[in-house]
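I opened this model to look up its layout and a handful of residues. My entries follow in the order in which I made them.

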Amino acid sequence: MPRPILPTPAKHCAHCGAILERKRWANGWMESQALLERRTYCDRECGYAAMRRPSPTKHCAHCGRRLARVRWRNGKLESQALFERRIYCGRVCAYAAARKRRRLIQ
Ligand SMILES: [Zn+2]
Ligand SMILES: [Zn+2]
């Protein structure tokens, strides 16, 4: 029995989830399969949007509130690296979680 030709598995845009399809360029050419396979986003806009918002949503390990990068009093935004290490929304939650841990140990 001849093996059926499997269709290439559908790829989805890493940002909006739309199915990626080979594009037809303005000059009438189709995008090559190799190019499509390297592509992660449906278009440039999604690529840019994803770059602007690179980190997945995080939630406070104590109260479950969504974490966002903090803007310091000097106007600077918390660095991405710092944000990624942070697990609590604020000092209050960090202290509360530490207190709880202490209580559990005693
Ligand atoms: Zn997209
Ligand atoms: Zn919290």
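**Ground rules.** I noted that this is a predicted model, in which local features need pLDDT of at least 70 and side-chain atom pairs count only at pLDDT 80 or more, while totals for chains, interfaces and linings use all residues. Residues are numbered from 1 along each chain as its sequence is written, and chains are lettered from A and ligands numbered from 1 in the order in which they are written.

**Elements.** I found four helices and four strands in the protein. Helices (H or I, at least four residues) and strands (E, at least two) are DSSP runs, numbered from the N terminus. Their order from the N terminus is β-β-α-α-β-β-α-α.

**Overall form.** I looked up the radius of gyration, taken over C-alpha atoms, and the globule rule, 2.2 Å times the number of residues to the power 0.38. The radius of gyration of the protein is 23 Å, well over the 13 Å that the rule gives for 106 residues, so the protein is more spread out than a compact globule. The C-alpha trace spans about 70 × 45 × 20 Å along its principal axes.

**Burial and contacts.** I use buried for a residue with 20 or more other C-beta atoms within 10 Å of its own, exposed for 12 or fewer, and partly exposed in between, with C-beta atoms placed from the backbone. By that count 2% of the 106 residues of the protein are buried. Two residues are in contact if their C-beta atoms, again placed from the backbone, lie within 7 Å. Of the contacts in the protein with a separation of 6 or more, 47% are between residues 24 or more positions apart.

**Helix H4.** How far apart are the end C-alpha atoms of helix H4? I found 21 Å, which agrees with the 21 Å that its 15 residues (91–105) should span at 1.5 Å a residue; the expected span is 1.5 Å times one less than the number of residues. The number of buried residues among the 15 of H4 is zero, so H4 lies largely in the open.

**His15.** I located His15 in the loop between strand S1 (11–12) and strand S2 (19–20). His15 counts as partly exposed because it has 18 C-beta neighbours inside 10 Å. Leaving out residues up to four places away in sequence, His15 touches Tyr41, Cys46, Ala49 and Ala50. Tyr41 is 26 residues from His15 in sequence, and their C-alpha atoms are 6.5 Å apart.

**Gly17.** I found Gly17 in the loop between S1 and S2. With 9 C-beta neighbours inside 10 Å, Gly17 counts as exposed. Its C-alpha atom is 9.9 Å from that of Cys46, 29 residues away along the chain.

**Asp43.** I placed Asp43 in the loop between helix H1 (33–38) and helix H2 (44–52). Asp43 has 15 C-beta neighbours inside 10 Å and so counts as partly exposed. The C-alpha atoms of Asp43 and Cys13, 30 residues apart along the chain, are separated by 8.5 Å.

**Arg66.** Is Arg66 buried or exposed? I counted Arg66 as exposed, because it has 9 C-beta neighbours inside 10 Å. Arg66 belongs to strand S4 (residues 66–67) and touches Thr57 and His59, residues up to four places away in sequence not being counted. Arg66 and Gly17 are 49 residues apart in sequence and 22 Å apart in space, C-alpha to C-alpha.
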